Amino acid sequence: LAHAALRVSAPAARVSLSPCGSYAAAPSTTGDCVVFDVEAGVASVVLGPPGLHTPAVAAVAWSASRTRVQLATVDKEGGLALWD
């Protein structure tokens, strides 16, 4: 998986697979989270907070619900974001 907004500080990034298996979310040191369509192998959306200073995303997690797709991201400064 590759995208211009995806930058990692280690050789391997921790990617989280959605409960349905269709999407993979990857945290980035740019402060963004890149969501990939697994079947197509391409980025479907780049999630990121607006602003000049965005700390690196440390972790991503999907909701366990299959009826509502939600993604949570946590940055290295403790900021939490929920994405629908």
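**Close-up views of strands, turns and selected residues**

The views below come from a predicted model, in which local features need pLDDT of at least 70 and side-chain atom pairs count only at pLDDT 80 or more, while totals for chains, interfaces and linings use all residues. Residues are numbered from 1 along each chain as its sequence is written, and side-chain values use heavy atoms, with hydrogens and water left out.

**View 1. Strand 3 and its pairing with strand 4.** Strands are DSSP runs (E, at least two residues), numbered from the N terminus. Strand 3 covers residues 33-37, and it pairs with strand 4, residues 42-47, in the antiparallel sense over five bridges; two strands pair if DSSP finds at least two bridges between them. Four residues separate these strands in a hairpin, where Gly41 in the turn has a positive phi of about 75 degrees. Four of the five residues of strand 3 are buried, where buried means under 20% relative accessible area, exposed over 50%, and partly exposed in between (1.4 Å probe, protein chains only).

**View 2. Strand 2 and its pairing with strand 3.** Strand 2, residues 23-27, is joined to strand 3 by five bridges in the antiparallel sense. Ala26 stands opposite Val34 in this pair. The hairpin has five residues between the two strands, and Gly31 in its turn has a positive phi of about 95 degrees.

View 3. Three strands form an open sheet in the order 5-6-7, with antiparallel pairing. Strand 5 (57-62) and strand 7 (80-83) each have a single partner strand, so one side of each is left without a neighbour in the sheet. From one strand to the next, the twist averages 20 degrees, based on axes that are lines fitted to C-alpha atoms, with angles running from 0 to 180 degrees between N-to-C directions. Five bridges link strand 5 to strand 6, residues 71-75, and Ala59 stands opposite Val74.

**View 4. Pro55 and its surroundings.** Pro55 lies in the loop between strand 4 and strand 5. This proline is buried, with a relative accessible area of 15%. Leaving aside residues up to four places away in sequence, Pro55 touches Gly31, Asp75, Lys76 and Glu77; contact means heavy atoms within 4.5 Å. The C-alpha atoms of Pro55 and Asp32 are separated by 8.8 Å, although these residues are 23 apart along the chain.
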